Amino acid sequence: MKSGDSTTIEVAEPSSSSKGKATVLVAPKATGWKKGVAIIDFVLRLGAIVAALSAAATMGTSDESLPFFTQFFQFEASYDDMPTFQFFLIAMALVSGYLVLSIPFSIVAIVRPHASGLKLFLLIMDTVALTLATSAAAAAAAIVYLAHNGNSSSNWLAICNQFTDFCQKVSGAVVSAFVCVVVFIFLILLSALALRKH
């Protein structure tokens, strides 16, 4: 039965002499809001893809060398100097890949708004991706904070006074990652709402 079609229920007539059946038409459930939620889910996924890819690409291209040293001896800052930034790049690349692969499922959810199994699958996978994105963004944010402000207790020097371009890129990557995290929160809330009202 397609969504939007009337449901037909056959009810036995109460008369004992007649064994015929009466047909009762039940009004179809309103599916417009479910399709609307699915469309919003699709748009949010596109936004999350942009944010996650921006975070990964910006971090992957963050590299700066100070210009006032010889070509044999230079101070250089790059994301691959720090394992936290490497983890950030890998995590956001995985999240981006998942989001791209989830687009066809989101489209199917628009066509079939009552597919609760599909919504449950996306809810579980979104939760896993949210956890990965949050851990990567939080870890990178801690390193970015130290790069900007340093820590005198642990003799961590602030490097952003010298490596301004590097710091701007990694800071932008962290902001993009947190935007992706916020979008994931809305995606999970939408999926939970759709399952609750199913």
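A salt bridge here is a side-chain nitrogen of Lys or Arg within 4 Å of a carboxyl oxygen of Asp or Glu. The model in these views is predicted, so local features need pLDDT of at least 70 and side-chain atom pairs count only at pLDDT 80 or more, while totals for chains, interfaces and linings use all residues. Residues are numbered from 1 along each chain as its sequence is written, and side-chain values use heavy atoms, with hydrogens and water left out.

**View 1. Arginine 45 and aspartate 41 pair up within helix H1.** Their closest N and O atoms are 2.8 Å apart, forming a salt bridge. The two residues sit four places apart, about one turn of the helix; helices are DSSP runs of H or I, at least four residues, numbered from the N terminus. Both arginine 45 and aspartate 41 are buried, meaning under 20% relative accessible area with a 1.4 Å probe, protein chains only.

**View 2. Here are the surroundings of aspartate 41.** Beyond neighbours within four places in sequence, aspartate 41 is in contact (heavy atoms within 4.5 Å) with Ser106, Leu187, Leu190 and Ser191. Its relative accessible area is 8%.

**View 3. Aspartate 126 reaches arginine 45 through a salt bridge.** The closest N and O atoms of this pair are 2.7 Å apart. Aspartate 126 lies in helix H3 (residues 116-149) and arginine 45 in helix H1, so the pair ties together parts 81 residues apart in sequence. Aspartate 126 is buried too, as is arginine 45.

**View 4. Step back, and Asp41, Arg45 and Asp126 form a network of salt bridges.** The count of salt bridges comes to two.

Technical notes:
Buried means under 20% relative accessible area, exposed over 50%, partly exposed in between (1.4 Å probe, protein chains only).
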